[in-house]
Amino acid sequence: MHCPQLLLRACPAALLLIWCLHLGISDAQENTTIRKIIIFSLEKPQVVKAGEEVSLTLRLKTELRECMVVKAYLLSDIEIEGPFNYKYTQCLCDDNPVAYFWDFQVNRTATIRVVSDIVREQNICPDNMAVVPITANRYYKTFSLYVV
C-alpha cells in the first residue's frame with residue numbers, strides 16, 4: 001500500500017516539471033528572422049553626355065554569418081569597350097563588405113545590368129571557407145543610362 005501512495009505524490013510533481021519544461025522552448029524555434037544574402041548599393045548617374053566617362057560603384061554587404069565568394073561584372077545591350085568588361089572576384093563576409101568600381105565611356109543610351117554571382121572558387125576566402133546559398137546564387141540590378 002505504501003508504493004501506490006508514493007506514485008500518487010510523484011505524479012503531480014512530474015506533470016508540473018513536464019509543463020515547466022514545455023514552456024521553456026528554445027529560442028531557435030522563435031527566431032524566424034531571414035537574413036539577406038546580398039544587399040546591393042549602387043551609385044550611378046542617370047544621364048551622361050556622349051563620350052563622357054561614367055563612374056559606377058557597387059557596394060555589397062551580407063547578413064549571413066558565413067563568407068561567400070562573389071564575382072561581379074557588368075552586362076549591356078550595346079557593346080562597351082575597356083574597363084566595362086572587368087570581372088571582379090572577392091570574399092564577402094558580414095564583417096567585410098566589398099566595393100567594385102568601373103569607369104567607362106558610352107556614346108549612346110544603354111541598358112546596363114550589374115550582376116553578382118556567388119561562386120565556388122578556391123583561394124579567395126580565408127582557409128577556403130565559403131558557402132553557396134541553395135536558394136539563389138545570382139543577383140542583379142538593371143538600369144538605363146541615358147546619353148544626351
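Buried means under 20% relative accessible area, exposed means over 50%, and partly exposed lies in between, with a 1.4 Å probe and protein chains only. Keep that scale at hand for this tour.

The model is predicted, so local features need pLDDT of at least 70 and side-chain atom pairs count only at pLDDT 80 or more, while totals for chains, interfaces and linings use all residues. Residues are numbered from 1 along each chain as its sequence is written, and side-chain values use heavy atoms, leaving out hydrogens and water.

**Stop 1: R138 and its partner**

Select R138 to begin. At 48% relative accessibility, R138 is partly exposed. The term stands for a side-chain nitrogen of Lys or Arg within 4 Å of a carboxyl oxygen of Asp or Glu. R138 lies in strand β8 and D117 in strand β7, so the bridge ties together parts that are 21 residues apart in sequence. Strands here are DSSP runs (E, at least two residues), and helices would be H or I runs of at least four; both are numbered from the N terminus. Is D117 buried or exposed? D117 is buried, with a relative accessible area of 10%.

**Stop 2: the other salt bridges**

How many salt bridges does a search of the whole structure find? The search finds three. For another one, select E121 and K71, whose side chains meet at 3.5 Å, N to O. E121 sits in the loop between β7 (110–119) and β8 (138–147), while K71 is in strand β4 (residues 68–76), 50 residues apart. E121 is partly exposed, with a relative accessible area of 34%, and K71 is also partly exposed, at 24%.

Then move to R59 and E43, with their closest N and O atoms 3.1 Å apart in a salt bridge. This pair links distant parts of the chain, from R59 in strand β3 (residues 53–61) to E43 in strand β1 (residues 39–43), 16 residues apart. R59 has a relative accessible area of 35% and is partly exposed; E43, at 38%, is partly exposed too.

**Stop 3: around β3**

Pick F40 to see it opposite L60 in β3. Next, bring in strand β6 (residues 98–105), which is joined to β3 by eight bridges and runs antiparallel to it. There, S55 stands opposite D103 in β6.

**Stop 4: the open sheet**

Now colour β2, β8, β7, β4 and β5. These five strands form an open sheet in the order β2-β8-β7-β4-β5, with mixed pairing. The edge strands, β2 (47–48) and β5 (88–92), each pair on one side only. Select V48 to find its bridge partner in β8, V147.

**Stop 5: the cores**

Which residues touch the most other members of the largest nonpolar core? They are I38, L60 and F104, in a core of 30 residues. A nonpolar core is a set of buried Ala, Val, Leu, Ile, Met, Phe, Trp, Tyr and Cys residues joined through side-chain atoms within 4.5 Å. β3, β4, β6, β7 and β8 each supply at least two residues of this core. Centre on I38: leaving aside neighbours within four places in sequence, I38 is in contact (heavy atoms within 4.5 Å) with L60, K61, V70, L92, I118 and Y139. Another core lies apart from the largest one and has five residues, among them C67, V69, C93 and C125.

**Stop 6: a surface patch**

Select V47, Y146 and V148, a nonpolar patch on the surface with about 320 Å² of accessible area together. Such patches take residues with over 30% relative accessible area and no salt bridge, joining nonpolar side chains (Val, Leu, Ile, Met, Phe, Trp, Tyr) within 5 Å and like charges within 9 Å. Accessible areas come from the Shrake-Rupley method with a 1.4 Å probe; for residues, only the protein chains shown count as cover. Y146 has its place in strand β8 and is partly exposed at 44% relative accessibility.

**Stop 7: the β7–β8 loop**

Most residues other than glycine have a negative phi. N123, in the loop between β7 and β8, has a positive phi, near 65°, and is exposed at 67% relative accessible area. D127 is also placed in the loop between β7 and β8; its phi is positive, near 55°, and D127 is exposed at 73%.

How values were computed
Pairing = 2+ DSSP bridges.
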